[in-house]
Amino acid sequence: MKVAFATDDGVRVNAHFGQCSMFAIYNLTKGSSELLELRRIPDIAAQDELGKIDGRIEVIEDCTLIFLMQIGASAAAKVTRRKIMPVKVPFGSPIDEQVKRLEEMLQGKPPMWLAKVLRAEEEEGAGVNGSNG
């Protein structure tokens with residue numbers, strides 16, 4: 001599962017979805033996690049607010065979760081429609097701590113919200129492979 005973290009420094013969740021300069025992208029499995037990349041937000045000054053939201057969603061469209069400080073209502077609606085779940089965390093939360101918590105949740109019995117996300121991800125994967133049950 002790929003997870004994005006809204007960040008300005010690559011170390012902490014310290015930014016609003018619509019204002020962060022980059023997203024730290026991690027790949028998590030039950031037994032491990034790794035930083036895949038820091039994806040910078042393209043600086044396109046001419047975009048309107050909706051264009052900025054859509055551009056940011058494109059940067060993280062392959063992710064299942066996005067950890068952030070804040071997200072506006074219209075952005076949150078667009079993100080969830082793309083099957084990405086926003087997760088609010090306190091300002092300055094260390095990304096490595098959030099990753100560790102997620103790893104622990106994956107190894108144990110995940111909370112309901114995470115189990116639902118994982119189930120949807122599995123169903124989507126099964127649909128791509130052509131098995132309809």
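## Aspartate 9 and its partner

Aspartate 9 counts as partly exposed because its relative accessibility is 29%, where partly exposed lies between buried (under 20% relative accessible area) and exposed (over 50%), with a 1.4 Å probe and protein chains only. Arginine 12 pairs with aspartate 9 in a salt bridge, their closest N and O atoms being 2.9 Å apart; the term means a side-chain nitrogen of Lys or Arg within 4 Å of a carboxyl oxygen of Asp or Glu. Arginine 12 is partly exposed too, at 36%.

## About the model

This is a predicted model, so local features need pLDDT of at least 70 and side-chain atom pairs count only at pLDDT 80 or more, while totals for chains, interfaces and linings use all residues. Residues are numbered from 1 along each chain as its sequence is written, and side-chain values use heavy atoms, with hydrogens and water left out.

The mean pLDDT of the protein is 88, and 89% of its residues reach 70 or more; pLDDT is the predictor's confidence in each residue, from 0 to 100.

## A salt-bridge network

The structure holds 6 salt bridges, and a network of them links Lys2, Glu37, Arg39 and Asp62. Arginine 39 is buried, with 13% relative accessibility. Arginine 39 bridges to glutamate 37, with closest N and O atoms 2.9 Å apart, and glutamate 37 is partly exposed at 37%.

Aspartate 62 also forms a salt bridge with arginine 39, at 2.7 Å between the closest N and O atoms. That pair links distant parts of the chain, 23 residues apart. Aspartate 62 counts as partly exposed, at 35% relative accessibility.

Note on methods
Helix = DSSP H or I, 4+ residues; strand = E, 2+ residues; numbered from the N terminus.
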